[in-house]
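Take a moment to look at it, then follow the topics below.

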Amino acid sequence: MFRRSGTATTPTTLTTALVAAAAALVLTASTATSAAAATAPGFLTGTDLPPHPASPWYAGAVTAGLPESAPFCLEGVLPSAGSWHRVFGTEYDTGAVQVSVRSASPSAAARLAGVLERKVAACAADWLRRTPGGTASWQDYGTLPVEEGAHVYGVHTSIPDSEPGVHLYGIGRDGSTVTVVQWGEMGDLSHAPVAGFKKTTTKAVNKLNP
């Protein structure tokens, strides 16, 4: 039988080595997560969102990359490179998501913000073309004087025999960083907390680290 010279590896030493290796991996992963969080733009907290009348807001972790499901109206336009996101929820149907993107330059960020604004402004018409029998509307709630500017929109969609949905969007920029906040629940534009959401959008832009 072949025997390697040196100290023999026993089950005890092997177990100790595996535990040590696992601990090292956890430490490395934790360090990497902390490093990613340190480089992420500043994000909203649950208390920054328009208050829900019957539930607190629950905030997920700030996570590198795009959310698993793209925000309604913004499918396929948010880049994964340089992106972070945070998902928010309540005990009811109301939810929200914030996505922030660090672009290569302020001019690239301005172009991205323009693309996002045009996509949201066209969302109701695009959705109607894909949804025979549906109804949709949208509203431009205007710009906000924060950093390089922000814009707030609302979109309402409905199909027969289904609950209508309403969404608010805040899109803003600070230097080379763009953020978009999407809030949604069942209802129509008359139910949307526009004034509160404008404050949320202003906070979202002010919290960015450009």
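This is a predicted model: local features need pLDDT of at least 70, side-chain atom pairs count only at pLDDT 80 or more; totals for chains, interfaces and linings use all residues.

Leaving aside its neighbours within four places in sequence, L168 is in contact with Y141, Y153, G154, V181, Q182, W183, A192, P193, V194 and F197.

**The nonpolar cores**

- L168 and W183 have the most contacts inside the largest nonpolar core, which has 20 residues.
- At least two residues of this core come from each of β5 (135-144), β6, β7, β8 and α4 (194-206).
- The element that gives the most to this core is α4, with 4 residues.
- Another core, of 18 residues, lies apart from it, and L74, V97, V101 and V180 are among its members.

**Strands β5 and β6**

- The two strands β5 and β6 pair in the antiparallel sense, over 9 bridges.
- Between β5 and β6 are 5 residues, and together the strands form a hairpin.
- In the turn of this hairpin, E147 has a positive phi of about 45°.
- As a general rule, side chains in a regular strand alternate between the two faces of the sheet.

**S158, a residue of β6**

- You can find S158 in strand β6.
- Is S158 buried or exposed? Its relative accessible area is 16%, so S158 counts as buried, the cut-off being under 20%.
- Not counting residues up to four places away in sequence, S158 touches W127, G134, T135 and P164.

**Helix α2**

- Helix α2 covers residues 106-121, which makes 16 residues.
- From its first C-alpha to its last, α2 reaches 22 Å, close to the 22 Å expected at 1.5 Å a residue.
- Which residues of α2 are buried? They are A108, A109, L112, A113, G114, L116 and V120.
- The cover over these buried residues includes β4 (95-102), α3 (123-130), β6 (150-158), β7 (165-174) and β8 (177-186).

**The disulfide**

- A disulfide is a covalent bond between the sulfur atoms of two cysteines.
- The count here comes to 1 disulfide, formed by C73 and C123 with their sulfur atoms 1.9 Å apart.
- The link of C73 and C123 is left-handed, with -75° about the S-S bond.
- C73 lies in the loop between β2 (63-64) and β3 (83-89) and C123 in helix α3, so the pair ties together parts that are 50 residues apart in sequence.
- Both C73 and C123 are buried.

Technical notes
Residues are numbered from 1 along each chain as its sequence is written. Side-chain values use heavy atoms; hydrogens and water are left out. The expected span of a helix is 1.5 Å times one less than its number of residues. Buried means under 20% relative accessible area, exposed over 50%, partly exposed in between (1.4 Å probe, protein chains only). Contact means heavy atoms within 4.5 Å. A nonpolar core is a set of buried Ala, Val, Leu, Ile, Met, Phe, Trp, Tyr and Cys residues joined through side-chain atoms within 4.5 Å. Two strands pair if DSSP finds at least two bridges between them. A disulfide is a pair of cysteine sulfur atoms within 2.5 Å.
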